[in-house]
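I opened my notebook today to get to know one protein chain. Come along and keep the picture beside you as you read.

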Amino acid sequence: MAKKPTDYAIEEFRPYGILVSGHYTEQSPYYIHRPSGSIDWLLMYTHSGSGEIVINQKTMKCHEGEVVILLPGIPHHYGVSSEEWSFTWVHFIPNPEWSSWLRLPGQAGRFVHLPAHSSPKDQAFPEAMGRMLYYGEHSGRELSRRLALNALEQALLLLCADCSEEQHQMDPRIIEVMEYLRQSFREKPTLEELARISCLSRSRLSHLFKEQVGDTIGNTLSKLRLEKAAELLLYTKRQVSEISEDVGYESSDHLTRMFRSHFGITPVKYRQQNRN
C-alpha cells in the first residue's frame, strides 16, 4: 500500500487546476485530521464501503455512490467507518471560468454532500473521475494535465446538472465582472472601476465576488494571467519578457517570481519540461 500523506504542502495562493488525486481502498484505523482545513477544494467519491466526515463536531457518513466536496477553510476530519472504504479523491482549485455554473447545494456553507442516484446516466460521473485519474498519472505532460482537468470539469458539470436551475444562478453583476476580467486581464482594473461596472459599492462587490466565485478579485485576476502565460510559453516562441507584457506584468522578473511561486518552476523550465 502506498504511503499517504496526512496533509499536503500546498501554497496559499496558486493558479487553478488539479493539485493531487488518487484512488484509495482503506481499512480502519485510516483517518485524516485537518483541524485548520485546507486551502483547496477536496472532492471524494465513494465506490464501495463507507467513510465518515466530521465537521463542527457532527459526523456524516459517505456511502456508495455519494459525493462529498469540502471547500477551503473548513476544519474537517475523515476516515473509514466500515470494514473498508474505497474512494476516489482529488484536491483542486477551480478554473475561474467555472464560477458561472459551479453552484452546488451547500456550497455557501463550504460543505457539499450529494446522495447516490440509481439511473444509468449516473455512470457518466464515475467514468469521468476514472479518466481524470488515468490522465493524472501523466500530469507532467501538458496535454495530459489538460485532459485530466477536462475530465474533472465534466464530472462537476454532471453534478451541477442534477441540481435545480435556481441553484445554478450567479448574480448577473458578478458574471459581468468575471467577463470583464477575462477580457481585460492584461490591464490593471481597479476595484473602483469594477464597482462602477457592477453598480455595487467596493465593499459589497468584494464580499459578493468572494461568496459566489470562491476567491478574491485579485487572486482571480492573477490566475487568469498565469494561465495565459503558461499557454503562451507552450504554444508560441515569444520570449518571457514579451509574454510578461502580454499578460499584464510589469517585467519578466515579476512574471518569473509569480510563476515560480505558483507553479513551482520558472517559465523557462516550464516551457522546456512540457515541450519535451
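Here are my entries, one topic at a time.

**Ground rules**

I noted that this is a predicted model, in which local features need pLDDT of at least 70 and side-chain atom pairs count only at pLDDT 80 or more, while totals for chains, interfaces and linings use all residues. Residues are numbered from 1 along each chain as its sequence is written, and side-chain values use heavy atoms, with hydrogens and water left out.

**The whole chain**

I looked up the secondary structure and found 10 helices and 7 strands. Both are DSSP runs numbered from the N terminus: helices are H or I with at least four residues, and strands are E with at least two.

Next I asked what share of the chain is buried. Of its 276 residues, 48% count as buried. Buried means under 20% relative accessible area, exposed means over 50%, and partly exposed lies in between, using a 1.4 Å probe and protein chains only.

I also checked contacts, meaning heavy atoms within 4.5 Å. Among contacts between residues at least 6 apart in sequence, 73% join residues at least 24 apart.

**Helix α2**

I turned to helix α2, which covers residues 142-161. Its 20 residues reach 28 Å from first C-alpha to last, close to the 28 Å expected at 1.5 Å a residue. The expected span is 1.5 Å times one less than the number of residues.

I then listed buried residues in α2, among them Ala 148, Leu 149, Ala 151, Leu 152, Ala 155, Leu 156, Leu 159 and Cys 160. I kept a general rule beside that list: an α-helix has 3.6 residues a turn, so residues three or four places apart point the same way.

**Helix α4**

I did the length check again on α4, residues 172-184. Its 13 residues should span 18 Å at 1.5 Å a residue, and its end C-alpha atoms are 18 Å apart, so the two agree.

Which residues of α4 are buried? I found Ile 174, Val 177, Met 178, Leu 181, Arg 182 and Ser 184. The cover over the buried residues of α4 includes α5 (191-198), α6 (202-213) and α7.

**Helix α7**

Glu 227 and Gly 17 are 210 residues apart in sequence, yet 9.8 Å apart in space, C-alpha to C-alpha.

**Loops and backbone angles**

I went to the loop between β1 (17-26) and β2 (31-34), where Pro 29 lies. The peptide bond from Ser 28 to Pro 29 is cis, with omega near 15 degrees.

The loop between β3 (41-55) and β4 (58-62) holds Asn 56, and Gln 57 lies in the loop between these strands as well. Phi is near 50 degrees for Asn 56, a positive value in a residue other than glycine. For Gln 57, also not glycine, phi is positive and near 65 degrees. Asn 56 counts as exposed at 62% relative accessibility, and Gln 57 is exposed at 82%.

**Cysteines**

How many disulfides are there? I counted 0, taking a disulfide as a pair of cysteine sulfur atoms within 2.5 Å. In general, a disulfide is a covalent bond between the sulfur atoms of two cysteines. I did note that Cys 62 is buried, with a relative accessible area of 4%, and Cys 160 is buried at 3%.
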